[in-house]
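Thanks for coming. I have one structure to go through this morning, so please look at it while I talk.

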Amino acid sequence: MRRMKSLRIARLVQGLPVYLNAKTVMFYVTHDAEVETGQLMKHAMLDGKNVALPVTDKDSCSLSAARIRSLTGSLAKGAYGILEPRKECSIPVRASEIDLVIVPGIAFDGRGVRLGFGKGYYDRWLSRIPLRKRVALAYSFQVVPRLPKSAHDVPVGTIVTESEIIRATPIRKEQ
Ligand SMILES: Nc1ncnc2c1ncn2[C@@H]1O[C@H](COP(=O)(O)OP(=O)(O)O)[C@@H](O)[C@H]1O
Ligand SMILES: [Mg+2]
C-alpha cells in the first residue's frame with residue numbers, strides 16, 4: 001500500500017513546474033514511515049537532473065547537501081542509521097545551487113508547518129531555501145488540521161500526498 005501511495009506521490013511531484021524546471025533536486029532517503037523516494041530519485045537521475053541528498057552533522061544538528069552520481073554504492077549509514085552519501089562518492093552542493101528540496105516529515109498541517117525528527121535538522125537547513133522550493137511528501141494520514149508552531153519552525157510551501165497537492169496557506173508574521 002505504501003509503495004502504491006508513494007508511486008502516486010512521485011507522479012504528482014513529477015508534474016510540478018518546480019520539479020520539471022529543477023536542475024538540482026535534494027531528495028531524502030526513506031526512513032521508517034516516510035514516503036518512499038526510490039522511484040523519484042531513479043527518475044530524476046535518468047532525466048539528467050543532479051541528485052543531492054542530506055548529510056547529517058550530529059554535533060551541530062545540521063544538514064548539508066551532497067550530490068551523488070549513482071544510487072548504487074554511493075550511500076552508507078550515517079547518524080541515526082539513515083543512509084547518506086559517502087564522502088568519496090559525492091560532491092558538496094551549496095544551498096544556493098538547489099532548485100528544489102523534497103522534505104520528509106512525521107506530520108504536516110495545511111499551513112505547511114512540519115513535525116520532524118524533533119531535533120530541528122530541517123528547520124536549520126530550510127531557512128536557507130526559499131519557500132517555493134520546499135516541497136514535502138506525506139501520506140494523507142500525516143496531514144493533520146493544525147500542529148503547534150514554534151518561532152524556529154520553517155514551513156514548507158507545498159505538500160504532496162497520494163490524493164492531492166496542498167498549497168500551504170501562508171502564515172502571517174504576527175501569528
Ligand atoms: N533554526 C534553528 N536555530 C536554532 N535552534 C533550532 C532551530 N530549529 C530548531 N532548533 C532547535 O531544535 C529543537 C528541535 O526542533 P523541533 O522544531 O522541535 O524539531 P523538528 O523540526 O525536527 O520537529 C528545538 O528545541 C529548537 O531549540
Ligand atoms: Mg521544527
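Strand β8, residues 107–109, pairs with β9 in the antiparallel sense over two bridges. Two strands count as paired if DSSP finds at least two bridges between them. Helices (H or I, at least four residues) and strands (E, at least two) are DSSP runs, numbered from the N terminus. Within this pair, Ala107 stands opposite Leu115 in β9.

Before I go on: this is a predicted model, in which local features need pLDDT of at least 70 and side-chain atom pairs count only at pLDDT 80 or more, while totals for chains, interfaces and linings use all residues. Residues are numbered from 1 along each chain as its sequence is written, and chains are lettered from A and ligands numbered from 1 in the order in which they are written.

Back to the sheet. β8 and β9 belong to an open sheet of three strands, in the order β9-β8-β11, with mixed pairing. β9 (114–115) and β11 (143–144) are at the edges with a single partner strand each, so one side of each has no neighbour in the sheet.

Next, strand β10, residues 134–137. Arg134 and Ala136 point one way from β10, Val135 and Leu137 point the other way, and all are buried. Buried means that 20 or more other C-beta atoms lie within 10 Å of the residue's own; 12 or fewer is exposed, in between is partly exposed, and C-beta atoms are placed from the backbone.

Which strands pair with β10 in the parallel sense? Strand β7 (residues 100–103) does, over three bridges, and so does β12, also over three bridges.

Thr158 is in strand β12, residues 158–160. Why does Thr158 count as buried? Because Thr158 has 22 C-beta neighbours inside 10 Å. Leaving out residues up to four places away in sequence, Thr158 touches Val135, Ile165, Ile166, Arg167 and Ala168. Contact here means C-beta atoms, placed from the backbone, within 7 Å.

Now the core. The largest nonpolar core has 44 residues, and those with the most contacts inside it are Val25, Met26, Phe27, Ala52 and Ile102. Such a core is a set of buried Ala, Val, Leu, Ile, Met, Phe, Trp, Tyr and Cys residues joined through C-beta atoms within 7 Å.

Val25 lies in strand β1, residues 24–26, and is buried, with 25 other C-beta atoms within 10 Å. Its contacts, again without residues up to four places away in sequence, include Ala44, Val51, Asp99 and Ile102. Lys49 is another contact of Val25; the two are 24 residues apart in sequence and 7.1 Å apart in space, C-alpha to C-alpha.

Last, the ligand. Ligand 1 is surrounded by 14 residues, the closest being Gly116, Phe117, Gly120, Asp123 and His152. A residue is near a molecule if its C-beta atom, placed from the backbone, lies within 6 Å of it. Helix α4, residues 121–126, gives the most to this shell, with four residues. By class the shell has four nonpolar, six polar and four charged residues. Ala, Val, Leu, Ile, Met, Phe, Trp, Tyr, Cys and Pro count as nonpolar, Asp, Glu, Lys and Arg as charged, and the others, Gly among them, as polar.

Note on methods:
Two residues are in contact if their C-beta atoms, placed from the backbone, lie within 7 Å.
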